[in-house]
Amino acid sequence: MVDTAHRNTGVDGVGGGVGLTALMVAAGRALEGGRHDSLARDDFAEHFVLAAPASAGWPVHPDQVPDGEANPLWGRFARYFGLRTRVFDDFLLQATHVGGARQVVLLGAGLDTRAFRLDWPAGCAVFEVDRPGVLAFKHQVLDGLSATPKATRIPVTTDLRDDWVGALTDAGFDPALPTAWLAEGLLFYLPAPAESQLMRVADKLSVRGSALAFEVKVDKDLWVYRDSSIYTATREQIGIDLLTLFDGSPRPDSAGDLADRGWSTLVQTPFDHSRRLGRGPLPVPNDALEGNRWVFAHKTHPYT
Ligand SMILES: C[S@@+](CC[C@H](N)C(=O)[O-])C[C@H]1O[C@@H](n2cnc3c(N)ncnc32)[C@H](O)[C@@H]1O
C-alpha cells in the first residue's frame, strides 16, 4: 500500500520531491516577467532558480526557451503560473485593501515573494507556511539580495500533513482578526484528510470578513491526462513527475464544505481568467489543466 500521508517526506528542501515544484513555479514567474505582455512581475524569482543546483540550466527569460510558446513546460505551463500569480495577487490585494483583512496566510508558500512584491496596507502581517528546508533555501537567497518585505513577514515552518495550528498561533497569528488565506499549488499534494482538516482549521480560525482562495483538481482520475504534454514535458525536461507527487486519493469537495460552513464560494476555471484578461492558457485536447479549479471563498458579514 502506498503511504500517501508521507510519500513526500524524503526530501524537505527544494532539491527534489514536492519542494522542487516550488522552483518550477519560480521559473514560471521569472519567465512571465520577461514577456512583453506579462501578467505578473516577480524580480526575485530568477534568483531562486539561479541559486539552486537542482534548477541548473533552467530558463529564466523567454529568450532562453528556443521553442518559446510551443514548449509545453516553459511556454504554456509557465504562462499558467503567470496567470495564477496575477489572479491570486489581485485576490489578496482585494481581501486586504477592500475586505479589511490584516493577516495573510500563505499555505505551502514555497518561493512566493508576495510579502516583498505587493503593496500591503499598513499594519499587515504575512505568514508564510512551508517545510523548514524550503524556507531555509528561500531565506538564504533573499538574505543575499538584502530583500526588504513590505509587510511584517513571519515564516512558519511546519508540515501541513501534521497539526499545524499550534505553529501558526505560536508565530503570532491572531484568530480575532480577519484573515486572507491562500493555498496555491498545494492541495493536490496533500492527502485528502489533510485537505479536509485544512478547511476545518481555516474556517475555525476565520472571523467574518475573512477570505480564502485555493486551487484544486476536480479530476476523478488524475491519470486520465497522463499523456498530457504538460506532464510529459515536465518529466522529460526537468525530471519532475507530477503524477507521482500528486496525492492519488479521492479528493474532498472543499468548496462545498466551505459553503456548508456558511462561506460564499465562487468556483472558476483558469480559462475564465485567461479570457477575462485577454491572455493566458486556453483549453487544448488532452489537457492537464482541464480539471483545475480556482476557488474564491468569503466568510461574509451576516447581512452582506
Ligand atoms: C508547487 S509549490 C507552490 C508554492 C507556492 N504556493 C507558489 O505557488 O509559488 C508547492 C509547495 O507546497 C509545499 N508543500 C507541499 N506539501 C507540503 C506539506 N505537507 N507541508 C508544508 N508545505 C508543503 C512545498 O514545499 C512547496 O513549496
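**Exercise 1.** Determine which residues of H1 and H3 meet, and how the two helices are oriented.

*Solution.* Step 1: in this predicted model, Val25, Ala27, Gly28, Arg29, Leu31 and Glu32 of H1 meet Trp74, Phe77, Ala78, Arg79, Phe81, Gly82 and Thr85 of H3.

Step 1: sorted by class, the residues of this contact are seven nonpolar, three polar and three charged.

Step 2: the axes of H1 (residues 19–33) and H3 cross at roughly 85° and come within 8 Å. Angles of 65 to 115 degrees count as roughly perpendicular, and H1 is therefore roughly perpendicular to H3.

**Exercise 2.** Describe the packing of H3 with H11 by angle, distance and residues.

*Solution.* Step 1: two packed helices are described by the angle between their axes and the distance between the axes. For H3 (residues 72–98) and H11 (residues 270–277), the angle is about 80° and the axes lie 10 Å apart.

Step 1: H3 and H11 are therefore roughly perpendicular to each other.

Step 2: on the side of H3, the contact involves Tyr80, Leu83, Arg84 and Val87, which meet Pro270, His273 and Ser274 in H11. By class, four of the contact residues are nonpolar, two are polar and one is charged.

**Exercise 3.** Compare the span of H3 with the expected value, and locate its kink.

*Solution.* Step 1: H3 has 27 residues, and at 1.5 Å a residue a span of 39 Å is expected.

Step 1: from its first C-alpha to its last, H3 reaches 37 Å, which is close to that expectation.

Step 2: the kink in H3 is about 30° and is centred on alanine 78. Alanine 78 also belongs to the H3 residues that meet H1.

Step 3: just after H3, glycine 100 takes a positive phi of about 95°.

**Exercise 4.** Characterise the shell around the ligand: how many residues surround the ligand, and which helix gives the most to the shell?

*Solution.* Step 1: the ligand is surrounded by 21 residues, and the closest are Ala22, Gly108, Gly110, Leu160 and Gly185.

Step 1: H1 gives the most to this shell, with four residues.

Step 2: the shell divides into 10 nonpolar, five polar and six charged residues.

Terms used:
Residues are numbered from 1 along each chain as its sequence is written. This is a predicted model: local features need pLDDT of at least 70, side-chain atom pairs count only at pLDDT 80 or more; totals for chains, interfaces and linings use all residues. Axes are lines fitted to C-alpha atoms, for helices over the stretch in contact, and angles run from 0 to 180 degrees between N-to-C directions. Angles under 35 degrees count as roughly parallel, over 145 as roughly antiparallel, 65 to 115 as roughly perpendicular and the rest as oblique. Two residues are in contact if their C-beta atoms, placed from the backbone, lie within 7 Å. Ala, Val, Leu, Ile, Met, Phe, Trp, Tyr, Cys and Pro count as nonpolar, Asp, Glu, Lys and Arg as charged, and the others, Gly among them, as polar. The expected span of a helix is 1.5 Å times one less than its number of residues. The bend at a residue is the angle between axes fitted to the seven residues ending there and the seven starting there. A residue is near a molecule or strand if its C-beta atom, placed from the backbone, lies within 6 Å of it.
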